Amino acid sequence: MFSKSVVFLFLMALGLLFMMQEIALWVLVSYLILSLLTFVLYGIDKRNAIKELWRISEKTLQVFALLGGWPGALLAQQAFRHKTQKRSFIFVLWLAIFINVVALGYSRYLGL
């Protein structure tokens with residue numbers, strides 16, 4: 001539930017910043033596309049884990065989260081009940097979220 005709230009608030013803030021012309025459309029679209037792609041990657045990895053097939057590396061999932069797909073990662077964790085127990089993975093995911101949000105804020109501060 002907490003994760004869904006974080007994602008909702010972040011996407012609402014992005015939408016508001018876009019409407020106020022504080023961020024470009026490509027930023028909003030990038031977050032949405034990366035989130036969708038990350039969500040799909042989690043789904044594929046979960047399916048492959050169940051079927052004992054080739055898995056998507058944790059590093060790949062974390063990189064997509066860091067690049068902006070973290071809203072999709074948080075939603076996928078809940079939807080698929082995947083990657084919710086391994087503490088080291090969760091720590092790195094939240095670190096990636098923190099770095100991504102700080103980078104977005106800093107870019108706004110610099111007017112980029």
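Biologist: Which residues in H1 meet which in H3?
Modeller: From H1, they are Ser 3, Lys 4, Val 6, Val 7 and Phe 10. Their partners in H3 are Trp 70, Pro 71, Leu 74, Leu 75 and Gln 78. Contact means heavy atoms within 4.5 Å. Helices are DSSP runs (H or I, at least four residues), numbered from the N terminus.

Biologist: How do the residues of that contact of H1 with H3 divide?
Modeller: Seven nonpolar, two polar and one charged. Here Ala, Val, Leu, Ile, Met, Phe, Trp, Tyr, Cys and Pro count as nonpolar, Asp, Glu, Lys and Arg as charged, and the others, Gly among them, as polar.

Biologist: Before we go on, what should I know about the model?
Modeller: It is predicted, so local features need pLDDT of at least 70 and side-chain atom pairs count only at pLDDT 80 or more, while totals for chains, interfaces and linings use all residues. Residues are numbered from 1 along each chain as its sequence is written, and side-chain values use heavy atoms, with hydrogens and water left out.

Biologist: Back to the helices. At what angle do H1 and H3 pack?
Modeller: About 155°, with their axes 9 Å apart. Axes are lines fitted to C-alpha atoms, for helices over the stretch in contact, and angles run from 0 to 180 degrees between N-to-C directions. H1 and H3 are therefore roughly antiparallel. The cut-offs are under 35 degrees for roughly parallel, over 145 for roughly antiparallel, 65 to 115 for roughly perpendicular, and oblique for the rest.

Biologist: Is the crossing of H1 and H3 left-handed or right-handed?
Modeller: Left-handed. That label applies if the near helix is turned anticlockwise from the far one by less than a right angle; clockwise makes it right-handed.

Biologist: And H2 with H3, at what angle do the axes cross?
Modeller: Roughly 60°, and the axes come within 7 Å. H2 covers residues 25–50 and H3 covers 58–80. The two are therefore oblique to each other. H2 passes H3 in a right-handed crossing. By class, their contact has 16 nonpolar, seven polar and two charged residues.

Biologist: Which residues does Thr 38 touch, beyond four places away in sequence?
Modeller: Phe 64, Gly 69 and Ala 73. Thr 38 is in helix H2. It is buried, with a relative accessible area of 0%. Buried means under 20% relative accessible area, exposed over 50%, and partly exposed in between (1.4 Å probe, protein chains only).

Biologist: What about Gly 69, buried or exposed?
Modeller: Buried, also at 0% relative accessible area. Gly 69 sits in helix H3. Setting aside neighbours within four places in sequence, Gly 69 is in contact with Leu 34, Ser 35, Thr 38 and Phe 64.

Biologist: Change of topic. In the largest nonpolar core, which residues touch the most other members?
Modeller: Leu 14, Tyr 31, Tyr 42, Trp 70 and Leu 93, out of 20 residues. A nonpolar core is a set of buried Ala, Val, Leu, Ile, Met, Phe, Trp, Tyr and Cys residues joined through side-chain atoms within 4.5 Å. H1 (2–19), H2, H3 and H4 (87–110) each supply at least two residues of this core. H3 gives the most, with six.

Biologist: What is Trp 70 in contact with, leaving aside neighbours within four places?
Modeller: Val 6, Phe 10, Tyr 31, Phe 64, Ala 65, Ile 97, Asn 100 and Val 101.

Biologist: Where does Val 101 lie?
Modeller: In helix H4. Val 101 is partly exposed, at 35% relative accessible area. Beyond four places in sequence, Val 101 is in contact with Phe 10 and Trp 70.

Biologist: How are H2 and H4 set, at what crossing angle?
Modeller: Roughly 170°, with axes coming within 14 Å. That makes H2 roughly antiparallel to H4. The residues of this contact divide into six nonpolar, one polar and no charged.

Biologist: Now the loops. What is phi of Glu 52?
Modeller: Near 55°, a positive value in a residue other than glycine. Most residues other than glycine have a negative phi. Glu 52 is in the loop between H2 and H3. It counts as exposed, at 74% relative accessibility.

Biologist: And what is phi of Lys 83?
Modeller: Near 60°, again positive. Lys 83 is in the loop between H3 and H4. Lys 83 is buried, with a relative accessible area of 14%.
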